[in-house]
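Me: I'd like to go through this model term by term. Can you show it and tell me what each label rests on?

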Amino acid sequence: MNAKEVLLEQLDALENNHWFVSLKNSLVGLTDEQAAWKETAESNSIREIANHLIYWNELYLNRFRSPEPATGVSLENDDTFQDQEELDWKQTVDKLNNLTAQWYKAVEEADEARFDENAYRNREAAWGSVIANLTIHVAYHTGQILFARKKQGSWNPENGVH
């Protein structure tokens, strides 16, 4: 497999259950109230996690589509968990799922050489590595979403992982 094929497989795992529940399936049937639930004041709600993923996935997708290497970010990481737009829960889920689909398309349409290009101006990291880490980042937070859903009793094990 080449880099593009590996990345496409990783991106597909965010939309479809493979070895673990996909991000898309982790959000199925979740209400606004359940998405806003927090076990403790210090924990992040599922909605906050979704906001965080939207911020980073959109930022890096726009960078990947740009011919110029990336510069700094506009928010501190902790701030990315807050709403950046006025979206209701359904719009938030739709945006997150749409970003995953856009990532898949962008990788699918890219030349193989793009994955060896540097993603940054001020440090070395090939786009292939950056995208691989982005998918791992999403998988990590998907696990948090599933854990929260299990804690609140809103997870249907028929959707995967018992």
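Reply: The place of a charge is taken as NZ of Lys, CZ of Arg, CG of Asp or CD of Glu. By that count the protein has 15 positive and 27 negative side chains, and the centres of the two sets lie 1 Å apart. Mind that this is a predicted model: local features need pLDDT of at least 70, side-chain atom pairs count only at pLDDT 80 or more, and totals for chains, interfaces and linings use all residues. Residues are numbered from 1 along each chain as its sequence is written, and side-chain values use heavy atoms, with hydrogens and water left out.

Me: What makes the pattern of the protein α-α-α-α-α-α?

Reply: Helices (H or I, at least four residues) and strands (E, at least two) are DSSP runs, numbered from the N terminus. The protein comes to six helices and zero strands, and reading along the sequence gives α-α-α-α-α-α.

Me: How do you know that the radius of gyration agrees with a compact globule?

Reply: The radius is taken over C-alpha atoms, and the globule rule is 2.2 Å times the number of residues to the power 0.38. For 162 residues a compact globule would be near 15 Å; the protein has 16 Å, so the two agree. Along its principal axes, the C-alpha trace spans about 45 × 35 × 25 Å.

Me: Why is leucine 30 called buried?

Reply: Buried means under 20% relative accessible area, exposed over 50%, and partly exposed in between (1.4 Å probe, protein chains only). Leucine 30 has 8% relative accessibility, so it counts as buried. Its place is in the loop between α2 and α3. Across the whole protein, 41% of the 162 residues count as buried.

Me: And what is leucine 30 in contact with, leaving aside its neighbours within four places in sequence?

Reply: Contact means heavy atoms within 4.5 Å. With those neighbours set aside, leucine 30 is in contact with Ala35, Ile46, Trp89, Arg149, Gln152 and Ser154. Serine 154 is 124 residues away along the chain, yet the two C-alpha atoms are separated by 7.4 Å.

Me: Why do histidine 18 and asparagine 156 count as partly exposed?

Reply: Histidine 18 has a relative accessible area of 44%, so it is partly exposed. Asparagine 156, at 34%, therefore counts as partly exposed too. Histidine 18 lies in the loop between α1 (3-15) and α2 (23-26), whereas asparagine 156 is found in the segment after α6.

Me: What makes α4 mostly covered?

Reply: Of its 20 residues, 16 are buried. In α5, the buried residues include Trp89, Leu96 and Trp103, and what covers the buried residues of α5 includes α1, α2, α3 (32-36), α4 (46-65) and α6 (127-152).

Technical notes
Lys, Arg positive; Asp, Glu negative; His and termini not counted.
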